[in-house]
Amino acid sequence: MGVYFNNIDQHSLQKEQIRFWDDNGYFVSDVLFNEKTIKLAGRHMARVFNQEYETNVPPNKIDWRPGDSETKMKKLDNAWWSNYVIRNLVLSPAIGAIAAQLSRSKTIRLFQDQLLHKPGIGPISPRSGSVGWHQDWNYWKCTKPDHALTARISLDGENQENGCMRVVPGSHIWPLQSTKMFFHSDTDIEKLPEFQVPDGERINVALLELQPGQVSFHHSRTIHGSGENRTNFARRTIIAHLLPGQTYYQSGTGDHPWATAVLANQKETGLQDGDKWEGNRFPIIYPYQDK
Ligand SMILES: O=C(O)CCC(=O)C(=O)O
């Protein structure tokens, strides 16, 4: 559909950027998507939440439906099943090229996508719409090894006031934490849980402030979360969870409400314990394939 800027050669990362990722477990790209693309994506995101499906296939793990409270965070998974604009965005070659370099993989697949719409609750409403501190891999133990990564495309720009994502730099190489608070929407993000911090390390928090069209990447073990949106405007993010080529399905991990979409795909694809995650339910986004 040609709605996004996708000259793959222009997404070569510098050595220092890859080293930054290795050390910190996150990376923020330049602006990858122009205003026209971002506006179009925003309109299509609204259509999916309003249950208008271009393909007639619904997404899944729908956590907000028309009629639900407008102050609740809107969230659903696998909108790429339902809408072509979202599909083009989450299968973007630019995202694939960056993810391949960060994870040093020859292949990148889409694991699942997620639409996140944090409503602006204004300065005085009770806390709501936070994403509590967590590590994605705590919900994704069905993927082995633990090297999946996530690309988050910002539609509105993100900052402290509208509940940008926060990460604990370097935590992707710490022990796996017991903290699993993704669904704690009333979390006070300023309060850090008791993390298990290795000797010689200390906890820092970095705010991932983004311009519209910028993309942040994080490792599946990086500790992260986000606060409520205290503005009067939505903070919308389109998220692509990504699998490096050499990722295997591990059964019996007891995953997890979040994996419903992933496991629906897995069932349909017929993956068995120890199989590589592959098949067209997990489409290849790098190397770029002209579809
Ligand atoms: O965008 C956010 O606030 C959180 C997103 C998140 O937890 C994720 O993409 O893994």
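Select glutamine 51 to begin: this residue follows helix 2 and has a positive phi, near 65 degrees. The model is predicted; local features require pLDDT of at least 70, side-chain atom pairs count only at pLDDT 80 or more, and totals for chains, interfaces and linings use all residues. Numbering runs from 1 along each chain as its sequence is written.

Next, select helix 2, residues 35-49. Helices (H or I, at least four residues) and strands (E, at least two) are DSSP runs numbered from the N terminus.

Colour Thr37, Ile38, Ala41, His44, Met45, Val48 and Phe49, which are buried. They cover an arc of only 140 degrees around the axis, which puts them on the same side of helix 2; the arc is that of the directions from the helix axis to the C-beta atoms. On the other side, Glu35, Lys36, Lys39 and Arg43 are exposed. A residue is buried if 20 or more other C-beta atoms lie within 10 Å of its own, exposed if 12 or fewer, and partly exposed in between, with C-beta atoms placed from the backbone.

Now show the ligand and the residues around it: Leu116, Val131, Asp136, Thr150, Arg152, Met165, His224, Ser226, Thr237 and Ile239. A residue is near a molecule or strand if its C-beta atom, placed from the backbone, lies within 6 Å of it. Strand 6 (149-154), strand 10 (224-226) and strand 11 each supply at least two residues of this shell.

Finally, display the whole chain, whose secondary structure comes to 5 helices and 13 strands. Its C-alpha trace spans about 50 × 50 × 40 Å along the principal axes, and 49% of the 291 residues count as buried.

Terms used. Expected span 1.5 Å × (residues − 1).
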